[in-house]
Amino acid sequence: MNEDIMLMKELVARLNDLAYRYYVLDDPIVSDKEYDVLYDKLCALEAKTGTVLNDSPTKRVGGEPLKSFEPHTHINRLYSLDKCNSFDELRAWFEKLSAALGKQPECTLEYKLDGLTICLTYRDGQLVSGATRGNGEVGENVTEQIKTVKSVPLSIPFKGTVEVQGEGIMRISALNAYNATAAVPLKNPRNAVAGAIRNLDVRETAKRNLDVVFYNVNYIDGQSLGSQTEQIEFLKNNRFKTGMFYKTNNIEQIIDQIQSVDKSALDFAIDGMVIKVDDAKVRGTLGYTDKFPKWAIAYKFEAEETTTVLRDVQWQVGRTGKLTPLAILDPVELCGATVKRATLNNYGDILRKDVKIGSRVFIRRSNDVIPEILGVAERGQNDVDIPKPTVCPCCGHELTEEGAHLFCLNFYGCRAQVVARIVQFCSKDCMDIDGVSIKTAEQLYDILGVRSPAELYDLTGEQLARIDGFKDKKISNFIKAVQDSKAADLPHFISALCIENVGKVTARALAEHFGSIDALSKASEDELTAIQDVGGIVAQSIVEYFSAHGELLAKYKALGIDPVYAQKSEGKFSGLKFVLTGALQQYTRGDAAKLIEQNGGIVQSSVSKLTDIVVAGENAGSKLERARALGKKIIDENQFKDMLNS
Ligand SMILES: [Zn+2]
């Protein structure tokens, strides 16, 4: 029996260590399968002995639903933060502190995560409770829910009593994965995490794959932490996940850092940045107001979400014949612009979100893309179902339903899709034929009867003279651009074909893999899905396109458009995309880049979703941070050297 318990202790320690490597450091050292074998072994021993150790990972799956939430009193009050919405206000705050202190205080900068604040208590190295913030003094006990979060340590090296504060979040990738199959999609990451942690059915919480990022040691006995920097160090040393961290006593540098934050590159939602005085002694001098510490402030980004009433839906026909519902809204201010329209993605999306005409809906705006409707905020009294169209709003052709989408298959006779196809074909990312606006494309369709981009190659100067704005010089330039475009490379030509679900990135991958249109057109779905990032739906779209449009492709070939992809040099890094960051000791940046390229790899200047490997040297900054946020493979200089020499 004792032997079993000893073995269980070893297994628990090993499994918790592996989970830490996987979920906190993002650096797994065994396969999922190996982990599962150890986990099953532990389960068997727990069943045999009837004992479950306090920090056993089997506690993470969630037990029976709870009856209610018990109150939890925090050891120290959890303060909320003072807020500001402009850089001027932020400067004013900093200047006031500097005046009070007689010097510019060193400040730290962190993401303000948009989730649910929680507070965990550890005693004797064990997690004893988890609670929501509540009113700052008393929150709700959500210990069982918190235990399901795999990046939260169930035991820590520190043996005294400590309360740590963090933000519970649902990663955007986890949210998207959940929504892909959920009957009722989650509206946004904040609602998703609040609904998960404040859920009495703990197994539901476990399904959401939450995370907690820590930023504050709220109480600690046995030692005093002198600064925010030391708090973050303490958290890291005790195996907590922590967020971005930057330190300076220059407010303009802080503002620069805030401006350089690219929210769209993060896998989690943030609604601002938090600036805190670093030194605990200086904090003590500054003190608190009734509500806030005077030594910290949250800079809030402009809200990207609001609600408004859905008045109507218009259906638009895109270049692949796909219909997209466009919601007409009561005008509302959002991110400094008036929003009147938003997308509903597809008919299936309308049903899933149960949006009706007359409903008050949540809308979100990010970057310059058209805002999206997230879901219903409130039903209207006279809500009306959004009618499902049966014929194309543009050409009257009967519609075809494929999954969640509706299509008009009138390939050569549907004006909206032909016009969109001509514009796409001529765009910079495709055949790069200058001067074709939507209006020009419409005239090509209406006046010259162009029904396919392939017909652009037969147009004469005489014909073109009938289009608005086409005079001598412009006509000859246009004809030359059209003829020159025959030399377009394969990735651009594939993009120009307007294949459903095939964007620029996929087009490049297809070109690299198949090398020619002929080879691509003969590819089976299995061959296609073997390519990284090509899923079943994309593969199906490609096969369908080539089986339907043999004649059109023959026409392009007859015109002399038949590009062949020139393979880059082969090597051990073939096709891998690298980013170099920080200072390397054994190579200059230029040398390292050359070595990557010589071995067939590609060097990128910034970390994106397409990056494969980040080589991080000393003092790596925001690129490393972004690589972590995107879950990219990060290696150091020695590992890079090993890869080169392997
Ligand atoms: Zn149509």
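In this predicted model, the buried residues of helix α12 are covered by elements that include β12 (305–317), β18, α13 (438–446), α16 (490–496) and α21 (550–558). The residues of α12 that are buried are Q417, V418, V419, R421, I422, Q424, F425 and C426. The helix itself comprises 12 residues and reaches 17 Å from its first C-alpha to its last, which is close to the 16 Å expected at 1.5 Å a residue. In an α-helix, residues three or four places apart point the same way, because there are 3.6 residues a turn.

The loop that lies between β18 (405–408) and α12 (415–426) holds C414, one of the residues that coordinate the zinc ion. For comparison, the ideal angle for four tetrahedral donors is 109.5 degrees. Along the sequence the donor residues follow the spacing C-x2-C-x12-C-x5-C. Distant parts of the chain are linked by the pair C392 and C414, which stand 22 residues apart, with C392 in the loop between β16 (372–378) and β17 (399–402). Both C392 and C414 are buried.

Strands β17 and β18 pair in the antiparallel sense over 4 bridges, and within this pairing E402 has H405 in β18 as its bridge partner. The hairpin formed by β17 and β18 has 2 residues between the strands, and G403 takes a positive phi near 60° there.

An open sheet of 4 strands is arranged in the order β20-β19-β21-β22, with parallel pairing. Its edge strands, each of which pairs on one side only, are β20 (602–604) and β22 (633–635). On average, neighbouring strands of this sheet are turned by 30° against each other, direction ignored. The parallel strands β21 (residues 613–616) and β22 are joined by 3 bridges, and V615 has I635 in β22 as its bridge partner. Helix α22 (residues 589–598) packs on the sheet, where it touches β19 (577–581) and β20, and its direction makes about 170° with that of β19. Helix α23 (residues 622–629) also packs on the sheet, touching β19, β21 and β22, with a direction that makes about 140° with that of β19.

A further open sheet consists of 5 strands in the order β2-β11-β10-β3-β9, and its pairing is mixed. The edge positions are taken by β2 (82–84) and β9 (246–248), each pairing on one side only, and the twist from one strand to the next averages 30°. Strands β3 (residues 107–113) and β10 (residues 270–277) pair in the antiparallel sense over 7 bridges, with T108 standing opposite K276 in β10.

Elsewhere in the chain, T132 has its place in strand β5 (residues 126–132). This residue counts as buried because its relative accessibility is 6%, the cut-off for burial being under 20%. When residues up to four places away in sequence are not counted, T132 touches H74, L116, T117, I118, G139, E140, V142 and R198.

Definitions and conventions. Residues are numbered from 1 along each chain as its sequence is written. This is a predicted model: local features need pLDDT of at least 70, side-chain atom pairs count only at pLDDT 80 or more; totals for chains, interfaces and linings use all residues. Side-chain values use heavy atoms; hydrogens and water are left out. Two strands pair if DSSP finds at least two bridges between them. Axes are lines fitted to C-alpha atoms, for helices over the stretch in contact, and angles run from 0 to 180 degrees between N-to-C directions. Contact means heavy atoms within 4.5 Å. Donors are N, O and S atoms within 2.8 Å of the metal (3.2 Å for Na, K and Ca); water is not among the atoms, so sites may look incomplete. Buried means under 20% relative accessible area, exposed over 50%, partly exposed in between (1.4 Å probe, protein chains only). The expected span of a helix is 1.5 Å times one less than its number of residues.
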